[in-house]
Amino acid sequence: MSHYPGGMEPSDEDIERTLADVVRAIEEKGLPYLLMGGAGTVTFGRSRATNDIDVFVRAEDAGRVLEVLAAAGFETSETDLEWLHKAFRHGVLVDVIYRSAGDIRLDDEMLRRGRRRTYRGTEATIMCPEDLVVIKAIAASEEATRQWYDALSLIASCELDWDYIVDRARSSGPRRLLSLLLYAESNDLAVPSWVVESLFATVHGS
């Protein structure tokens with residue numbers, strides 16, 4: 001589903017320019033962040049179309065990030081005071097997210113595990129595959145089925161820290177992750193049996 005009125009989506013050049021502007025503005029002020037969403041999927045999982053930019057920040061920094069982007073020439077709005085602000089530049093939507101699916105919030109461990117990668121020509125810090133798997137499993141819905149398949153692509157493509165995934169899922173969405181991993185097994189993706197057993201015990205008792 002397009003984020004843009006009338007389906008008028010931005011060009012690749014506009015997305016690349018906007019991404020460079022976002023990362024530069026945030027990093028110049030030393031604000032912690034991670035790129036998530038399509039940036040993580042394309043970098044670590046599978047190639048797919050993505051026409052916006054998702055930036056994950058601390059809740060206490062969300063207002064400041066919006067101010068920094070406004071000073072850099074973005075149009076900004078406090079869209080939802082529970083989890084999301086928005087910014088636009090060059091016709092590109094930037095989601096400034098500070099509470100993700102499963103009530104997951106940016107913390108020190110997520111930042112420590114972030115990966116420096118070049119995405120669309122800009123070096124940035126991208127959410128690690130493990131956190132992406134958990135968030136995408138929880139965020140999947142009828143309107144956002146690609147989240148499910150994004151997570152499967154990460155399982156298929158990455159050498160994952162399963163201990164960390166289990167720890168994250170236990171506090172956020174163990175049932176949803178368990179269902180994803182059972183489906184992954186049905187598609188012959190390699191999932192350690194102890195991970196499934198551990199999540200099953202968390203959900204249903206040992």
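Predicted model: local features only at pLDDT ≥ 70, side-chain atom pairs only at ≥ 80, totals over all residues.
Leaving aside neighbours within four places in sequence, V55 is in contact with V22, I26, Y33, L34, L35, V94, D95, V96 and I97. V55 is also among the residues with the most contacts inside the largest nonpolar core, which has 67 residues.

- One partner of β2 is strand β1 (residues 33-35), which runs antiparallel to β2 and is joined to it by three bridges.
- To find that pairing in the model, look for Y33, which stands opposite V57 in β2.
- Another partner is strand β5 (residues 92-97), which pairs with β2 in the parallel sense over four bridges.
- Here the pair to look for is F56 and I97, with F56 standing opposite I97 in β5.

**The nonpolar core**

- Which residues have the most contacts inside the largest nonpolar core? They are L35, V55, M110, I155, L177, L180 and L181.
- As background, nonpolar side chains tend to be buried together in soluble globular proteins.
- L35 turns up again in the contacts of V55, and M110 will come back when we get to D131.

**L19 in helix α1**

- L19 lies in helix α1, which spans residues 12-28.
- Is L19 buried or exposed? Its relative accessibility is 1%, so L19 counts as buried, the cut-off being under 20%.
- Setting aside neighbours within four places in sequence, L19 is in contact with L35, I53, Y119, R120 and T122.
- L19 and I53 are 34 residues apart along the chain, yet their C-alpha atoms are separated by 7.0 Å.

**A cavity inside**

- How many cavities of 30 Å³ or more does a search of the whole structure find? The search finds one.
- About 70 Å³ of space lies in the largest cavity.
- Its lining has 13 residues, and A39, D52, I53, D54 and Y119 lie nearest the centre.
- Helices α1 and α2 and strand β2 each supply at least two residues of that lining.

**Helix α5 and D131**

- Ten of the eleven residues of helix α5 are buried, so α5 is largely enclosed by the rest of the structure.
- The buried residues of α5 are P129, E130, D131, L132, V133, V134, I135, K136, A137 and I138.
- What covers them includes helices α2, α4, α6, α7 and α8, along with strand β6.
- Let's zoom in on D131, which lies in α5 (residues 129-139) and is buried, with a relative accessible area of 3%.
- Not counting residues up to four places away in sequence, D131 touches M110, Y164 and R168.
- With R168 there's also a polar contact between the side chains, at 3.2 Å.

- Strands β6 and β7 pair in the antiparallel sense over five bridges, and the bridge partner of Y119 in β7 is T122.
- Strand β7 (residues 122-126) is mostly covered, with four of its five residues buried.
- The hairpin of β6 and β7 has two residues between the strands, and R120 takes a positive phi near 50° there.
- R120 is partly exposed, with a relative accessible area of 23%.
- Why point out a positive phi? Because most residues other than glycine have a negative phi.
- H90 is one more residue with a positive phi, at about 55°, although H90 is not a glycine.
- You'll find H90 in the loop between β4 and β5, and at 27% relative accessibility H90 counts as partly exposed.

**Out on helix α9**

- E197 lies in helix α9, residues 193-204.
- Is E197 buried or exposed? E197 is exposed, because its relative accessible area of 52% is over the 50% cut-off.
- The C-alpha atoms of E197 and L178 are separated by 9.1 Å, with the two residues 19 apart along the chain.

Key: Residues numbered from 1 in each chain as written. Heavy atoms only, no water. Buried < 20%, exposed > 50% of the residue type's maximum accessible area, 1.4 Å probe, protein only. Polar contact = N/O pair within 3.5 Å; in protein donor to acceptor, adjacent residues only side chain to side chain. Contact = heavy atoms within 4.5 Å. Core = buried A, V, L, I, M, F, W, Y, C linked by side-chain atoms within 4.5 Å. Pairing = 2+ DSSP bridges. 1 Å grid on protein atoms, 1.4 Å probe; cavity = no way out; pocket = protein on both sides within 12 Å on 5 of 7 lines; lining within 4 Å. Points joined across faces, edges and corners; volume = space filled by probe spheres on them.
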